[in-house]
Amino acid sequence: MPQRFYITTPIYYVNDKPHIGHTYTTVLADVIARHRRMMGEEVYFLTGTDEHGQKIEKTAAARGMTPKALADEVMPNFQRLWERMEITHDYFVRTTDAQHKAVIQERFLQLQGTGDIYKDTYKGLYSVSDEAYVTETQAKEMQAQGLAHQLVELEEESYFFRLKAYENWLIQLYEQYPEFVQPDFRLNEVKQFVAPGGERGFLQDLSISRTSITWGIPVPGDERHVVYVWFDALLNYLSACREGFWPPTVQLVGKDILRFHAIYWPAFLMAMFREAGDDLDGPLPARIREQLPHTILAHGWWLMGEDKMSKSRGNVVRPEELLHFGNDAARFFFMREMQVGLDRSFSFEGFMDRLNADLANGLGNLASRTLSMLQRYRHGVVPTAVVLDAQDQEVLEAGRALAPAYLAKAKANDFQGALDLLWTYLRHLDGYIVKSEPWKLAKDETAQARLDTVLCQLYRALRLTAVLAAPVMPDMTQKLWTSLGMTGQVADQRFETFQYEAAAQAPVAEPAPLFQRIDKEAVMQEENQTTEPVAVQAEAPLDLPPVKDLIEYDTFALMDLRVGRVLTAERVPKSKKLIKMTVDIGLETRTILGGIGVAYAPEELVDRKVVVVANLAPRPLMGTMSHGMLLAASDNDSKPYLVAPPEDAKPGFVVR
Ligand code: ME8
């Protein structure tokens, strides 16, 4: 039987539309779910909305509507967004579903029956925004953060959950099963909260009912009370679980709600799954551990500057602003930029830079170059590779090593690390193209086997990239997959059986851009006028070499570029390409040979203004010394286009 994998996102409050924080969590869950499916596991992926509680009641009142009407209005924004982002959840739970309500009431009664829930009076401070009673220490923390206005004095009759009684088992859970909270440093936070400095006795029983609000699930048999929203919400993972998938394998949460998931949630489950005779002061039975989530994975926040992006702070970025550039682009950005666990500042410019560098230039350029070379040199038919030299061997080995390394990182939920490996590999391939110069091999009859090898290796690399990146970018990788002549869905591939070196199935297609390069300046200008960003169309794909490594200005300044005027021009005998010219560069007249004979006739050159590299060491070309070089523009394959200074520029002018 395939391994089962149950993954959840938090269920989102319906007091406002989703922002990129919610989007990030859900995309991360989706990327994990898609990976697991491609690993051959059977996945159940749950998300949904949290529709009860004071926040919703208040927002609805402010808008003059009932809480249920508010929930019905806002909830579809989440569903539509997940559809737009191709989120592959299996079920969408709403806490107002009758089936969910029934489970909550049933479990409430169960825990009342075991004595884990009892009735008492609470007197103390209450945080409206967290919907939780706060201890004095917490109240001081909140006051220090300027959040005092969120605290109110409260005295009410309440049902309590016997949280204190589970302290011993909770501590054993953290000590013996550290995989329960990831990353590690988040586990330490939880431990510190439960037992600061290792000292016990800090946990307090938890109030799990309210009489101050009416919008919630009634406590069975005592309907003046509604069930506390966190007891209600956390149990969605149980009420909406599909048979055979319990317990959750990975539960994603933002760091803000880690305490609820790493303390209350396992304690509720311990109470539900324990049996008469289990000793709460003794060792945590393995049988109980097996009913608890395997891992609560806590990620950090998207920040705006230094602040958390949140509805209440009013500084949110809406997903539509990113989706304007495509769903894959937004998904890729989230996975590539955020290290799971840490915070990250959002910048729109950073977003555009990342996409231009990695998708338009990196992957997009490599794909269009490879496809166009396969078309041009081999009519689209993928040749077979024979390893010819050390460089080919190195590329082959890098390809073989990539998938295991990538998948190990993906399995550890380190998608930033995985994508980093993949893009390093893609850069390596750019270097391979530059060094092996396939456009030269194409013109050399004796180099055809080498050309076959280079083309085949590039093809394999792209096919591997399509498979590995499929969970992150479902559409772009499918497009790539199809253009490589592969049939079916790339998402139906299994990592384990996919063969990097398998022969091609069919000829490749004509190149089409995978990602439209974003004209950042146009977007920024547009941004200043409207709030909606825009994209521009990319030019038709060219066979462009990648941008070289950065140099300092001082290195550039070593070059002496001058305006020149061609005085005479003649073809070099026995050469198709070479033209010998005399060029006035203001200070002197130079003899310069240029390989521009295919593009220009000598008579077209005379009296033309050109840009000369004036301090290039002289070198002999077909028996004549050339004292400099003319600048010309081209892609790897086109004819050279001489760079032309304006007509009124004078010979000798410095170009800088
Ligand atoms: O807390 N950066 O719902 P919620 C990253 N209903 N992620 C963010 C974020 C940010 N700036 N802001 C929000 C609730 N999130 C409860 C959960 S679960 C039983 C009940 C994400 O609508 C993050 O995952 O406030 C956070 O945990 C979740 O949205 C909270 O969404």
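In the predicted model, strand β15, which spans residues 302–304, is joined to β16 by two bridges, and the two strands run antiparallel. Within this pair, Met304 of β15 faces Asp307 in β16. Both strands belong to an open sheet of three strands, arranged in the order β16-β15-β17 with mixed pairing. The edge positions are taken by β16 (307–308) and β17 (344–345); each has a single partner strand, so one side of each is left without a neighbour in the sheet. In general, the strands of a sheet pair through backbone hydrogen bonds, in either a parallel or an antiparallel manner.

The ligand site was examined next. The ligand is surrounded by 24 residues, of which the closest are Ile11, Tyr13, Thr25, Asp50 and Trp302. From Asp50, a polar side-chain atom lies 2.7 Å from a nitrogen atom of the ligand. For Thr25, the distance between a polar side-chain atom and an oxygen atom of the ligand is 2.8 Å. The protein covers 96% of the 670 Å² of accessible area that the ligand has on its own. Elements contributing two or more residues to the shell around the ligand are β2 (12–13), α1 (20–38) and α8 (229–234).

Helix α4 comprises 16 residues, 98–113, and extends 23 Å from its first C-alpha to its last, close to the 22 Å expected at 1.5 Å a residue. Its buried residues are His100, Val103, Ile104, Arg107, Phe108 and Leu111. These residues are placed on the same side of α4 because they cover an arc of only 135 degrees around the axis. On the face turned away from this buried side, α4 carries the exposed residues Ala98, Glu106 and Gly113. Just after the helix, Gly115 adopts a positive phi of about 85 degrees.

Two cis peptide bonds were identified at proline residues. One joins Gln182 and Pro183, with an omega of about -10 degrees; Pro183 is situated in the loop between β8 (181–182) and α7 (184–194). The other joins Trp246 and Pro247, where omega is about 0 degrees. Pro247 is located in the loop that lies between α9 (236–239) and β13 (250–254).

Positive phi values also occur in residues other than glycine, including Asp607 and Met622. For Asp607, phi is about 75 degrees, and the residue is found in the loop between α22 (602–605) and β21 (609–613). Met622 has a phi near 45 degrees and occupies the loop between β22 (619–621) and β23 (624–626). With a relative accessible area of 52%, Met622 is classed as exposed.

How values were computed. Residues are numbered from 1 along each chain as its sequence is written. This is a predicted model: local features need pLDDT of at least 70, side-chain atom pairs count only at pLDDT 80 or more; totals for chains, interfaces and linings use all residues. Side-chain values use heavy atoms; hydrogens and water are left out. Helices (H or I, at least four residues) and strands (E, at least two) are DSSP runs, numbered from the N terminus. The expected span of a helix is 1.5 Å times one less than its number of residues. Buried means under 20% relative accessible area, exposed over 50%, partly exposed in between (1.4 Å probe, protein chains only). The arc is that of the directions from the helix axis to the C-beta atoms. Two strands pair if DSSP finds at least two bridges between them. A residue is near a molecule or strand if one of its heavy atoms lies within 4 Å of it. A polar contact is a pair of N or O atoms within 3.5 Å; within protein, one must be able to donate a hydrogen and the other to accept it, and residues adjacent in sequence count only if both atoms are side-chain atoms. Accessible areas come from the Shrake-Rupley method with a 1.4 Å probe; for residues, only the protein chains shown count as cover.
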